[in-house]
Amino acid sequence: MPTPHVSRIGIIHIALASFAAALLVRAGHVQLWQGRLWADRAARQHVTAAEVPAPRGDILDARELPLVQSRELVKLSVAPREVKDRGALAKALAKAGVPAPWVRRATDVKRVWVTLPGRYLPTDVAGLVATRGVYAVAVGERVTTTSEGTRRIVGRVDGDGAPVDGVELALDTFLRGVKGAAAVVRDARGRSFESPTAPGVAARAGNTVVLTINSALQEIAERALGEAAERMGAEGGDVVVLDPHTGAVLAMASRRPGRTSAATALTEPFEPGSTLKPFIAAALLAGGRARVDEVVNTHDGEWNYRGRRITDSHKASRMSLAEVIHQSSNIGIVQFAERLSPREEFETLRDLGFGMPTGVPYPSEAAGVLKPPGAWSAPTAASMAMGYEVTVTPLQLATAYAAIANGGELLEPALVKEVRSPDGRPLFKHRRRVVRRVMTPELAAQMRELLVGTVERGTAVDADLATFDVAGKTGTARRTAPGRGYVAKAYTASFVGLFPAQEPQFVILVKLDNPQGAYYGGKTAAPVSKVVLEAAIAARDAALDRTALARHERPRSRLSPDSAAAHSASGTERLARAQSAAAEPAIVPAPAPKAATPRGPVVLSLAHLPKAKPRVTTLQAVPEVRGLPIRTAVRTLHGAGFRVQLAQGYAPTADATAPAAGALARPGAVVRLSRQR
Amino acid sequence: MVAFVLVAAGVVWRRSYGIAQSREIRVLDRERTQLVAERAKLESEIRALAGRGRLAEVAEQRLHMHVPNDSQVVIIPRPARADAAR
């Protein structure tokens, strides 16, 4: 049998066919089996993933007005060695506003990488970014309101968009959003652009945070605080306005020269002084340990108690508990407080929230100091009754007074009203939260009545309004310095008010650090409260319910001169005794007042029909004294029943009064004479 | 062969068109970002200029106006009929 003969050409054919088959198999393997793998590798070489920054969420005020918004800018970096035309780059950088030294650095080939300072609008640097060797990174910038107090509350973010302090830090998880990713393709010239085919992941914006702050009221509070601090030479101060029925913080102004961060009303506790006395009185009344008309010996204003000298500004031989609160008697409150055991005194203050943070979302909120009885020394009980050896933040103190205002419930204060997702879905809504009941509604009403007396005839007459009742309490506490204890002639002046007294809508706390001259709380902080309340009443959008307010407006009709004189004498005389240190110009007895030229009302607002209750009131129009010699002006004002205070600096003639001519004010109220600015 | 060239040319044109559109989208997106950024800044400036802090100062200094005290503010009662109608 012949063996098959395979020619050489046949072998070559077989080999070529096998090679072709192998190529086909390999091609099929690469294309079909490994196709995805190679496609991914190719994509990795041509397409790079770029991070898409997520814009931080907006922060709005209670009326939904933006306080902080985000906008996207770019940060530029240059690799000088990659740049071909450095002259053109230098011109372009200079045109974009890059400082000359940085332009030189960016075109210096000795440097490998230069990150330029500042941030730029994307379109402004579009030409630059297209240049080889120039790299842009998108960064978010926060556009913040100009209000310093608001900036202290909302906080800051650093250059990389990371939160530093304030609400920005406390609510970062809500505000920061989720970063996205984009596939960027490079073309033949090395220019990059987003891939039209590769899918990216869109960035998700942060949530919107709505604060309880009312920006109109915030501006009013900041302006009043700033003007008062400058006028009185105070080192700083705080103003807190709280809605006592919801716990919402409506305004929180802080002022510290040289420091623009931190809402110090939350972070810096202080010894409250006499503003703590009403809570001791409330504990005594609640336990039946004292009555408001019960009288103690106040030793004519000087008393040696366990080797310690206690003094009163208002010197009297005897005072009732009500008068102790009205005149802020240290001797009286110490004697009354002796009826409470240390544990009772401690528990009273602890239950009011002192010594622990309130829980508002703010980093570094201070707890204050409230020592337990085991850590007390012999004089601690008396000191605490006078508001010493205990420190509170302005917000804690305002929250405690809110309990008096709302009928006895201690509320958790709120700084955040709502958190919403970018599509408007609510994620959080503030609900009124009662921490505990600290006094009965009847006792709270009794305390409000006591505090009305403080404003009408006690140490806080300068906080009184002409047409509404205000309740409140002043405080004047000595200040300490690190390592030096109490410092001579350094005081913290404060006032906490409830407005209107019958159905409070605001709790307002004013604190001034070390005011110069007349340092008493009634002479410094109380008038600031009045300024804030007057401006809030006049503003259309300052979180006041005018319908409710109208129910408590005093009738504007004038009463008989006899009752006016009686009211005036009572308030003015007591104030003069209590505030003897206050610098007041001598007032010359005056002839009949010059005819007043009352101005018409300047703000009109709508409200429901007020059910005015009959109330004894005395209002007097401030006479027009503009252009009169200063002595005549003082006489005229005094003749109209007002006390007169001269502004600093000599002026031969009177230019303006505060309150202005035509305004109604109570006889005995202070009218300031000043030169026109 | 002609069909292959036509198909290939179609694929290249489609891709080039996509890339051009992508670039256009990018330019427009950049403009939008810039406009949004400018709007945020301008709105902030408007709020600052229209805010009480500035207006009150200007009104007092240039127009000699003043913040009225509470006795100069009249709260006008709303008629009971309007209340009932609401």
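Modeller: Let's start at H64(B), which sits in the loop between α2 (52-62) and β1 (73-78) of chain B. Those labels are DSSP runs numbered from the N terminus, with at least four residues of H or I for a helix and at least two of E for a strand. This is a predicted model, where local features need pLDDT of at least 70, side-chain atom pairs count only at pLDDT 80 or more, and totals for chains, interfaces and linings use all residues; side-chain values use heavy atoms, leaving out hydrogens and water. Residues are numbered from 1 along each chain as its sequence is written, while chains are lettered from A and ligands numbered from 1 in the order in which they are written.

Most residues other than glycine have a negative phi. H64(B) counts as partly exposed because its relative accessible area is 47% (buried is under 20%, exposed is over 50%, and partly exposed lies in between, using a 1.4 Å probe and protein chains only).

Let's zoom out to the whole chain. Chain B has 3 helices and 1 strand, and along the sequence they come in the pattern α-α-β-α. Its C-alpha trace spans about 95 × 45 × 15 Å along the principal axes. The radius of gyration of chain B is 31 Å, whereas a compact globule of 86 residues would have one near 12 Å (the value is taken over C-alpha atoms, and the globule rule is 2.2 Å times the number of residues to the power 0.38). Of the 86 residues in chain B, 20% are buried. The accessible surface of chain B is about 6,300 Å², with 64% of that belonging to carbon and sulfur atoms (areas come from the Shrake-Rupley method with a 1.4 Å probe; for residues, only the protein chains shown count as cover).

Next, a pair in helix α1 (residues 2-50) of chain B: R39(B) and E43(B) are 4 residues apart there, so about one helical turn separates them. Their side chains meet in a salt bridge, at 4.0 Å from N to O (the rule is a side-chain nitrogen of Lys or Arg within 4 Å of a carboxyl oxygen of Asp or Glu). E43(B) is partly exposed, since its relative accessibility is 29%. Elsewhere, salt bridges that share partners link E235(A), D238(A), R256(A), E268(A), R479(A), K511(A) and D513(A) into one network. Over all chains, the search finds 41 salt bridges.

For comparison, here are a few spots in chain A. D172(A) and R176(A) form a salt bridge with their closest N and O atoms 3.1 Å apart. D172(A) is buried at 13% relative accessibility, whereas R176(A) is partly exposed at 44%.

Chain A also has a positive phi in a residue other than glycine: E64(A), near 70°. E64(A) lies in the loop between β2 (59-60) and β3 (66-78) of chain A, and it is partly exposed because its relative accessible area is 36%.

Finally, a word on peptide bonds. Most of them are trans. The bond from F499(A) to P500(A) is cis, though, with omega near -20°, and P500(A) is in the loop between β22 (485-499) and β23 (506-513) of chain A.
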